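Keep the sequence and the coordinates open side by side.

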Amino acid sequence: MSKKQILGILIVCLATVFFGFWWFSRITGTYLAGQQDAIINEWIASNASTGGKYAYLTFDDGPSDNTDAILDVLKEKKVKATFFVVGKEGKEAKRRYMRILNDGHTLGMHSYSHDYKQIYRSVDDFAKDIKKLDHYLYKITGKHPTAFRFPGGSSNSIVSDIKPYIEWVEGQGYEYYDWNAVSGDALKFQMPADTLNQNILKDVHGQSPVIILMHDLSETVHTTEGLSDLIDELRDRGYELRAISETTEAIHHVSIKEQNSY
């Protein structure tokens, strides 16, 4: 066999492997990733892991009138979750921040104002907003949260270059967490609980870790209604449900590390 023929075979083999990897990423949900149709390189390798299967229920935008109902379900099912909260004033909001912590869940930051135009006007504006939330939560709870989720995710289309914001977040000692499974509960509040759960389970595909995006809003009542069934189904599929902690493998839609960017 000539060198030219061998080279041709190698090229065909490499092309086949590349296409197979791309198709695998499509069917396992690695090509969905938030606001942009992006490959989430950070967790592709974990799909092939022979280790445990871990799922993380995360709730954005609370606390709300639904927070206590969500916490009641989690308590009944003996599950710990993560709440990426915003700045809410008033006695009830403060009580809910404390209940999240007292029930053993992770209290993470999402932003104080959740006003995209204000937050993403500049890195300085972003920093002021997040620090305001950090100090506010510390005043209420006596703890500085370290888990963070960008409003809109790190793949949001509001800011043209998220990397300076990521540099600031990491420079403060925060860790940011995106997601690889989403219910769609904030896109259409009327969506039934079964549909929301199926949206999540369609994204799961046996991946590990799975970080699931849901919302803690007054309008997302169907998320709460379907939560018990979702937990049962995830457990039936072999998942251990955990709250995000310092040992959690973070999913990043965008990373400042060159090898993990898209």
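Helices (H or I, at least four residues) and strands (E, at least two) are DSSP runs, numbered from the N terminus. With those labels, His-205 falls in the loop between α8 and β7. The model itself is predicted.

His-205 has a phi near 50°, a positive value in a residue other than glycine. The peptide bond from Ser-208 to Pro-209 is cis, with omega near 0°.

Most residues other than glycine have a negative phi, and most peptide bonds are trans.

Now turn to the loop between β1 and α3, where Asp-61 sits. Phi of Asp-61 is positive, near 80°, and the residue is not glycine. Asp-61 has a relative accessible area of 11%, so this residue counts as buried. Pro-63 is placed in the loop between β1 and α3 as well. The peptide bond that runs from Gly-62 to Pro-63 is cis, and its omega is near 0°.

Follow the chain into helix α3, residues 67-77. Which residues of α3 are buried? They are Thr-67, Asp-68, Ile-70, Leu-71, Val-73, Leu-74 and Lys-77. The spacing can be read against helix geometry. An α-helix has 3.6 residues a turn, so residues three or four places apart point the same way. What do the buried residues of α3 pack against? Their partners are two strands, β1 (54-60) and β2 (82-85), together with two helices, α4 (91-102) and α9 (221-236). After α3 comes Lys-78, with a positive phi near 55°.

Last, the second largest pocket. Its volume is about 250 Å³. Of the 16 residues that line this pocket, the closest to its centre are Thr-106, Leu-107, Pro-145, Thr-146 and Ala-147. How does the lining of the second largest pocket divide into nonpolar, polar and charged residues? Six are nonpolar, seven are polar and three are charged.

How values were computed: Residues numbered from 1 in each chain as written. Predicted model: local features only at pLDDT ≥ 70, side-chain atom pairs only at ≥ 80, totals over all residues. Heavy atoms only, no water. Buried < 20%, exposed > 50% of the residue type's maximum accessible area, 1.4 Å probe, protein only. Contact = heavy atoms within 4.5 Å. 1 Å grid on protein atoms, 1.4 Å probe; cavity = no way out; pocket = protein on both sides within 12 Å on 5 of 7 lines; lining within 4 Å. Points joined across faces, edges and corners; volume = space filled by probe spheres on them. Nonpolar A, V, L, I, M, F, W, Y, C, P; charged D, E, K, R; others polar.
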